[in-house]
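Please consider each question before turning to its answer.

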Amino acid sequence: MIETGYQRGKDVLELAYPLATITVKWSVASGALTLSGAATAAEYANAIQYVTFRTTSTRQVPRILSWGLGKSTVYSGSSKKYFKVVSEAGVTWSEAVAACSASTLFGIKGSLASPNSVEENSIIATKLGGDG
């Protein structure tokens, strides 16, 4: 997803080398490229390497991307943090802090979600709300 700087109707994310096991869907409205299907984790990891950006805009502004992994994890390019929904009943605040602090995603240490900006709050609210 193009998190910031998205120019609707001009910017596009594409998969340069599609696979038969991965369905590709681009949303002009949200600036999000969705990959889904029966591919293996290795096939998805390979496919992500071939996501490309294209624009017809003559206005040069920086774009920052977010990466969603499944329906409960998203990486924010602007905050350099990842957010994950953990749905476990009866977890205390202390247990949640400890669990988040002990987790990592591609070398990025986890932390309990406490949005520090409008952008982080938007990511948490829209990308991790129930249906991903």
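Q: Leaving aside neighbours within four places in sequence, which residues is Ile2 in contact with?
A: The model is a predicted one. Ile2 belongs to the largest nonpolar core of this model. Once its neighbours within four places in sequence are left aside, the residues in contact with Ile2 are Asp11, Leu13, Trp26, Gly31, Phe53, Arg63, Ile64 and Leu65.

Q: Which elements give two or more residues to the largest nonpolar core?
A: The largest nonpolar core has nine residues, namely Ile2, Leu13, Leu15, Ile22, Leu33, Ala39, Tyr44, Ala47 and Val51. The elements that supply two or more of these residues are strand E2 (11-15) and helix H1 (41-48).

Q: Is Asp11 buried or exposed?
A: Asp11 has its place in strand E2. A residue counts as buried when its relative accessible area is under 20%. The relative accessible area of Asp11 is 1%, and therefore Asp11 is buried.

Q: The side chain of Asp11 makes a polar contact with the side chain of which residue?
A: Not counting residues up to four places away in sequence, Asp11 touches Ile2, Gly5, Tyr6, Trp26, Phe53, Arg54, Thr55 and Arg63. A polar atom of the Asp11 side chain also lies 2.9 Å from the backbone nitrogen of Gln7. The polar contact between side chains, at 2.6 Å, is made with Thr55.

Q: Why does Ser57 count as buried?
A: Ser57 is found in the loop between strand E5 (51-55) and strand E6 (64-69). The cut-off for a buried residue is a relative accessible area under 20%. Ser57 counts as buried because its relative accessibility is 8%.

Q: What is the length of the polar contact that joins the side chains of Ser57 and Gln7?
A: Leaving aside neighbours within four places in sequence, Ser57 is in contact with Gln7, Lys10 and Arg63. A polar atom of the Ser57 side chain lies 3.0 Å from the backbone nitrogen of Arg59. The polar contact between the side chains of Ser57 and Gln7 has a length of 2.6 Å.

Q: How many bridges join strand E3 to strand E4?
A: Strand E3 (residues 23-27) and strand E4 (residues 32-36) run antiparallel. Lys25 stands opposite Thr34 in E4, and Ser27 has Ala32 in E4 as its bridge partner. The number of bridges that join the two strands is five.

Q: Which residue takes a positive phi in the hairpin of E3 and E4?
A: This hairpin has four residues between its strands. A positive phi near 70° is taken by Gly31.

Q: How far apart in space are Ser36 and Ile22, C-alpha to C-alpha?
A: Ser36 is found in strand E4 and is partly exposed, with a relative accessible area of 33%. Leaving aside neighbours within four places in sequence, Ser36 is in contact with Thr21, Ile22, Thr23 and Tyr44. Ser36 and Ile22 are 14 residues apart in sequence, and their C-alpha distance in space is 5.5 Å.

Q: Among contacts between residues at least 6 apart in sequence, what percentage joins residues at least 24 apart?
A: The chain contains three helices and 10 strands, in the order β-β-β-β-α-β-β-β-β-α-β-β-α. Of its 132 residues, 23% count as buried. Among the contacts between residues at least 6 apart in sequence, the share that joins residues at least 24 apart is 48%.

Notes:
Residues numbered from 1 in each chain as written. Predicted model: local features only at pLDDT ≥ 70, side-chain atom pairs only at ≥ 80, totals over all residues. Heavy atoms only, no water. Pairing = 2+ DSSP bridges. Core = buried A, V, L, I, M, F, W, Y, C linked by side-chain atoms within 4.5 Å. Buried < 20%, exposed > 50% of the residue type's maximum accessible area, 1.4 Å probe, protein only. Contact = heavy atoms within 4.5 Å. Polar contact = N/O pair within 3.5 Å; in protein donor to acceptor, adjacent residues only side chain to side chain.
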